[in-house]
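Subject: Structure handover

Hello,

I am passing this structure on to you. Please look through it first; my notes on what was found follow below.

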Amino acid sequence: MKDLPKIYDPKQVETQIYDMWMENDCFHAEPDPNKKPYSIVMPPPNVTGQLHMGHALDSTLQDILTRYKRMQGYSALWLPGTDHAGIATQIKVEEDLRVNEGKTRYDLGREKFLERVWAWKEKYGNRIVQQQKKLGVSCDWSRSRFTMDEGCSKAVRETFCELYEKGLIYKGSRIINWCPHCLTALSDAEVEYIDKPGHLWYIRYPLSDGSGDIVVATTRPETMMGDTGVAVNPEDEKFKHLIGKTCILPIMNRELPIVGDEYCEIGFGTGAVKMTPAHDPNDFEVGLRHNLDVIRVIADNGTINENGGKYNGMDRYECRKAIVADLEAEGYLIKSEPYSHNVGTCYRCHNDVEPLISAQWFVKMEPLAKEAIRVVKDGTIKFVPDRFSKTYLNWMENVHDWCISRQLWWGHQIPAWYCDDCGHINVSREDPTKCEKCGCTKLTRDEDVLDTWFSSALWPFSTMGWPDLNAEDLKYWYPTSDMVTGYDIIFFWVARMVFSGMEQMKKEPFKTVFIHGLVRDDKGRKMSKSLGNGIDPLEMADTYGADALRFNLITGNSPGNDMRFYVEKCEAMRNFANKIWNASRYVMMNLTIDKPGLPDVSELEAEDKWVLTKLNTLIREVTENMDSYELGVASAKVYDFIWDTYCDWYIELTKARLYGENEASKLSAQKVLVYVLDQILRLLHPYMPFITEEIWQAIPHEGKFLMCSDWPTFKDELNFPVEAEHMESVMNAIRALRNRRGEMNVPPSKKCTLYVVSSKAETFRQGEGYLCRLAYADKVIICDDDPEGHEDMVQVVTADAKLYMPMEQLIDVEKELERIAREKANCLKQIAMFEGKLNNEAFIAKAPEKVVNEQREKLAKNKALLEQLEQSEARLKK
């Protein structure tokens with residue numbers, strides 16, 4: 001046992017406690033056949049990252065679950081790590097190069113540039129890990145992983161080769177999402193669609209035989225130099241006679257076939273659609289069906305290429321203006337009209353994405369999606385809340401092939417080599433020395449790297465030793481138990497982990513996906529650099545303590561829903577921490593015992609049985625809530641119990657015994673105080689780990705660390721429902737009496753006789769001591785009927801009793817009526833003043849809205865006060 005200083009200083013305590021846990025390997029987990037396994041793999045934060053409020057919430061939720069399961073006796077592994085974050089990291093280092101040395105990555109070359117990125121990673125990559133430790137996260141740091149470490153890289157290569165050998169990875173020319181700013185391909189999940197205002201241009205394409213023309217409507221005239229056909233619906237009466245004919249592409253003067261395809265909707269636009277297979281995924285599919293040429297006219301950097309004729313070299317949007325002007329000048333533009341449509345933008349830089357034909361690597365998704373859909377539909381994997389399973393299934397059932405190649409240098413380089421002689425693609429687990437087809441030794445490796453999410457998709461098993469299926473960790477902890485993540489990466493990450501787990505391990509990667517929302521500011525806005533409304537979690541932890549920050553993030557938080565972050569709530573949670581600290585100090589200052597343990601049941605008094613029963617209910621409910629992932633509900637119940645039941649009531653109820661002469665009663669009170677404190681520290685520990693460990697180390701306890709002690713369980717032998725109910729009856733009477741005295745401004749020093757009329761006479765007889773001490777009665781008289789003269793007494797009614805206090809013992813009625821009259825007069829004066837202002841139209845018109853609202857609030861407060869004063873006056877005049 002140790003002393004607790006007068007004031008709780010989180011800064012000092014948190015570092016000492018975390019170091020103590022680390023030095024004693026408290027977070028380390030080992031496969032243990034005598035324990036049930038529990039595991040979470042941490043969603044790896046970007047190595048470029050700094051801890052933001054979303055990370056803080058994510059880490060807190062995972063830490064609560066891990067600490068809870070560890071205390072329940074599971075062998076609980078929380079496996080941490082970081083993600084190499086391909087494009088984000090490369091951009092950071094390229095920026096560094098440009099600003100400090102005036103160079104590009106091409107000046108250094110691939111090898112030297114990658115050395116720079118690794119050096120940057122070594123320097124800054126650990127920053128977010130140190131920041132997580134400040135929050136108290138209990139990860140097994142000895143198992144920390146990085147998506148490009150040796151084991152994860154081996155898993156990536158193995159997966160790529162296996163999928164390639166099964167025909168599930170292929171290289172092909174497809175329409176991909178291309179970011180002309182980041183200069184790389186994007187998967188469908190990395191494209192954000194935004195409704196943008198645009199135009200629909202109606203353009204006349206003359207028929208080759210001179211018999212008229214066909215009018216098409218387009219939102220993208222800048223791609224028309226790549227048109228290789230015009231499509232119409234074969235059932236469209238207006239156009240079907242033109243199928244098989246040709247028309248002339250304006251400006252380029254190229255002949256285009258007119259084809260019939262059901263993709264065209266009758267009645268939409270003009271009914272005729274220009275086909276640009278190199279720049280639109282739907283046109284590409286129509287082009288394949290009708291053998292249309294593919295002509296790409298937009299270069300990687302978003303400018304028009306050599307196929308664009310006189311527009312070569314122009315920016316795509318500059319070209320749009322020029323071509324519209326030329327079409328109009330040459331008489332091809334019939335009209336234009338405003339048209340809002342969904343435009344794909346890059347999730348990282350927010351520039352418009354360009355659909356381009358490009359040779360890229362793809363994962364064939366349809367075969368992989370089948371199992372990933374089944375395990376969610378049959379409940380093998382559950383989403384909390386369940387509504388997110390619909391989001392997941394909707395995406396999975398409509399998934400396109402996944403473009404996995406990225407035109408970057410930082411990442412897992414694709415393990416494919418092209419033969420310089422025969423062109424054969426060699427995909428291999430080891431670097432090949434010769435072509436497997438022709439034996440040529442001149443091989444050139446594919447320059448591209450894999451999408452970051454390709455390695456993240458393998459995280460639940462790559463971090464545990466796969467592809468070695470006999471790895472101890474993998475056999476014991478896979479499938480993992482819970483995946484905790486935000487709803488914003490269900491497609492990016494959750495879906496891909498599921499199909500990867502089902503394909504590589506033939507087993508789901510986790511049992512439950514626990515989805516949380518975003519942390520927004522106090523106005524409900526997303527925290528962002530541009531708004532400048534981000535709140536630094538470390539600053540909050542530094543000012544209020546990590547426990548206060550964690551508890552703020554959890555209380556009022558419900559699965560899957562966004563939450564608002566209020567700084568004032570951190571202050572309230574720090575006050576809560578101080579409340580527990582001061583209550584614990586009070587208990588310790590009154591202890592003569594040095595060992596924990598409850599007294600014999602025969603020694604328990606009414607308040608002991610009441611608090612133990614309430615504690616029992618709390619333990620049962622909190623455990624049920626935590627098992628249902630209702631962490632916010634559980635935390636609120638613990639908070640209420642500590643603040644109300646333990647501090648405000650039980651400690652007060654035991655004071656007479658602690659200061660009394662009865663040694664046996666004093667000792668039993670001490671034992672129950674310590675027992676209940678120990679139990680509530682355990683219940684609170686997953687939420688507020690630092691302060692609970694520090695207090696627990698100071699009180700009589702068994703075991704070395706609170707974080708490794710047992711989770712409380714419901715105990716039948718400590719359940720006293722009848723005694724607890726009787727105690728509640730007395731407490732309800734005390735509450736009601738104190739409230740009434742408060743309303744009447746009667747100080748506690750003013751004692752009075754208390755008459756009690758109740759069918760529970762014996763309960764109130766036994767509660768006389770409490771009523772005298774806590775309801776300020778000098779004597780308690782239990783009556784069968786209303787006492788004589790009760791009409792002139794102050795009456796208070798509860799569910800179990802009618803309580804009477806003689807008026808003359810509480811106040812001087814005449815003086816009190818005089819005081820009320822003075823207050824009423826003042827109140828009426830205030831009301832008249834505020835009403836005068838608010839009825840003045842000039843004041844309402846000129847005064848700022850804030851001032852007007854303040855006047856309205858003051859008027860409402862005065863009216864409410866007047867009503868109270870009139871009620872008090874009426875009671876006194878009875």
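Asp283 is buried yet takes part in no salt bridge. The nearest side chain of opposite charge belongs to Lys274, and it is 6.0 Å away, whereas a salt bridge needs the nitrogen within 4 Å of a carboxyl oxygen. Please keep in mind that this is a predicted model. Asp283 sits in helix H8, which covers residues 281–290. Leaving aside residues up to four places away in sequence, Asp283 touches Tyr263, Lys274, Met275, Thr276 and Pro277.

Met275 also turns up in the strand pairing. In S12, Met275 is the bridge partner of Gly229. Strands S9 and S12 are joined by 4 bridges and pair in the antiparallel sense. S9 also pairs with S11, here in the parallel sense and over 3 bridges. One of the residues involved is Ala231, whose bridge partner in S11 is Val259. Strand S9 spans residues 229–232 and is covered on both faces. Gly229 and Ala231 are buried on one side, and Val230 and Val232 are buried on the other. In general, side chains in a regular strand alternate between the two faces of the sheet.

Now the salt bridges. The count for the structure comes to 59. Helix H8 has a part in one of them, through Arg289. The side chains of Asp261 and Arg289 meet at 3.0 Å, N to O. Asp261 lies in the loop between strand S11 (254–260) and strand S12 (272–275) while Arg289 is in helix H8, so the pair ties together parts that are 28 residues apart in sequence.

Lys579 counts as partly exposed, at 24% relative accessibility. Asp648 is partly exposed too, with a relative accessible area of 33%.

A further salt bridge lies within one helix. Arg740 and Glu743 are both in helix H23 (residues 721–743), 3 residues apart, which is about one turn of the helix. Their closest N and O atoms are 3.4 Å apart. Arg740 is buried, with a relative accessible area of 18%, whereas Glu743 counts as partly exposed at 46% relative accessibility.

Salt bridges also link residues into a network, made up of Arg220, Glu222, Arg316, Arg320 and Glu354.

Next, the aromatic residues. How many aromatic pairs does a search of the whole structure find? The search finds 31. Among them, Tyr18 and Phe27 form a tilted pair, 5.3 Å centre to centre and with 55° between the planes. Tyr18 is buried at 6% relative accessibility, and Phe27 is buried with a relative accessible area of 3%. Trp402 and Phe454 form a tilted pair as well, 6.0 Å centre to centre and with 35° between the planes. Trp402 is in strand S16 (residues 402–403) and Phe454 is in helix H12 (residues 452–456), so the pair ties together parts that are 52 residues apart in sequence. Both Trp402 and Phe454 are buried. These two residues belong to an aromatic cluster that also includes Phe160, Tyr164, Trp361 and Phe499.

The last item is a sheet. It is open, has 3 strands in the order S19-S18-S20, and its pairing is antiparallel. Strand S19 (425–427) and strand S20 (443–445) stand at the edges with a single partner strand each, so one side of each is left without a neighbour in the sheet. From one strand to the next, the twist averages 30°. Strand S18 (residues 416–419) is joined to S19 by 3 bridges. In S19, Asn426 is the bridge partner of Trp417. Helix H7 (residues 150–165) lies across S18, S19 and S20, and runs at about 130° to S19.

Regards

Technical notes: Residues numbered from 1 in each chain as written. Predicted model: local features only at pLDDT ≥ 70, side-chain atom pairs only at ≥ 80, totals over all residues. Heavy atoms only, no water. Helix = DSSP H or I, 4+ residues; strand = E, 2+ residues; numbered from the N terminus. Buried < 20%, exposed > 50% of the residue type's maximum accessible area, 1.4 Å probe, protein only. Lys, Arg positive; Asp, Glu negative; His and termini not counted. Contact = heavy atoms within 4.5 Å. Pairing = 2+ DSSP bridges. Axes fitted to C-alpha atoms, helices over the stretch in contact; angles between N-to-C directions. Phe/Tyr/Trp six-rings, centres within 6.5 Å; stacked < 30°, edge-to-face > 60°.
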